[in-house]
Amino acid sequence: MVATPKLLIFDIDNTLFDWLPYYAYSNKALLDKLEEISFVPYGVLKREFKQLLGHYGKRRPSFIVHELASVRKKMPQLDPLFLNEICTSICLDAKKNALNPYPEVHATLALIKKRFPDLRIAALTDSPAIEAVWKLTMLEIEGFFDSVYGLNVFPLVATAQIASLQSSAWRRYRGETHALPARYEKPSTKGLNLIIQHYGIADHERDTVVFVGDNLRKDVALGKKAGVFTCWSEFSCGEHSPALQRTLSLSPREKIIQNTPTAEDLRTRPDASLHSFSDLLDYLG
């Protein structure tokens, strides 16, 4: 338990909402629409989509549908921008439908703000910073966050339509925003240490910082290295989620390895395990 918490930091994906449907169903909707337009079989599109994601790795292109080899072959004269906008609209609708906070998230954050009016709340994510703000806005919890720290990279799907929506959310957000270089990507402790520094937390006060995340390697282990109180959102591991297998089928091998706990990760013990989001209240004094 943290007697007098001063700073509360959350991961976003799989911590505040179930990221698996967001990723799996939005990409499936995109490929379904592409199959309808191009007449290329879904299985072929999925295989090429997965290969292309693996090819780009961390470079994160702004959009990749028009780069699929089978699509270029079938529709050599089609305007890539036109194709992207059509597919983006379908993908965006699926993302919106999947962006729902876990039960008790809104009520718990409201109670935390009421109980600890001086407690600062920040978000730390490997998502693009502009996308992170949009996610919090869509989840209708952005008002609880004093700051958002994400990466300075383009969203994977960043056509004019999505860019406009995300830019609008970015402009309306009243907290601080920080777009960090790639070297700050978790499990590096750079981002977490930067937040602690920004809020003026001295080294001997790090036990007043609470970090909540779902990933044993990228959240819990790095929190332990940084010397803060770690909460593992065990409820969000998604082992039985129907979207898990679909997510794995669309994800490059490198991405799966990056997010799969190693034997060493599994030996990492958080300071607290949350079986529901509201359990966090039990550890805030």
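## A buried lysine and its partner

Lys218 counts as buried because its relative accessibility is 8%, under the 20% cut-off. In this predicted model, the side chain of Lys218 meets that of Asp126 in a salt bridge, 3.1 Å from N to O. Lys218 sits in helix α9 (residues 216-226) and Asp126 in strand β2 (residues 120-128), so this pair ties together parts that are 92 residues apart in sequence. Asp126 is buried too, with a relative accessible area of 16%.

## Other salt bridges

Let's look at some more pairs. The whole structure has twelve salt bridges, and one of them joins the side chains of Lys186 and Asp11 at 3.0 Å, N to O. Here distant parts of the chain are linked, 175 residues apart: Lys186 is in the loop between β4 (176-180) and α8 (190-198), while Asp11 is in the loop between β1 (7-10) and α1 (19-38). Both residues are buried. Together with Asp219, Asp11 and Lys186 are linked in a network of salt bridges.

Lys113 and Asp146 also pair through their side chains, at 3.5 Å from N to O. Lys113 belongs to helix α5 (residues 105-115) and Asp146 to the loop between α6 and β3 (147-151), so parts 33 residues apart in sequence are tied together. With a relative accessible area of 22%, Lys113 is partly exposed.

## Where two helices cross

Helix α6 (residues 129-138) and helix α7 (residues 160-172) have axes that come within 8 Å and cross at roughly 80 degrees. The two helices are therefore roughly perpendicular to each other. Seven nonpolar, three polar and two charged residues make up their contact. Among them are Trp134 in α6 and Trp170 in α7.

Technical notes:
Residues numbered from 1 in each chain as written. Predicted model: local features only at pLDDT ≥ 70, side-chain atom pairs only at ≥ 80, totals over all residues. Heavy atoms only, no water. Axes fitted to C-alpha atoms, helices over the stretch in contact; angles between N-to-C directions. Helix = DSSP H or I, 4+ residues; strand = E, 2+ residues; numbered from the N terminus. Parallel < 35°, antiparallel > 145°, perpendicular 65-115°, else oblique. Contact = heavy atoms within 4.5 Å. Nonpolar A, V, L, I, M, F, W, Y, C, P; charged D, E, K, R; others polar. Salt bridge = Lys/Arg side-chain N within 4 Å of Asp/Glu carboxyl O. Buried < 20%, exposed > 50% of the residue type's maximum accessible area, 1.4 Å probe, protein only.
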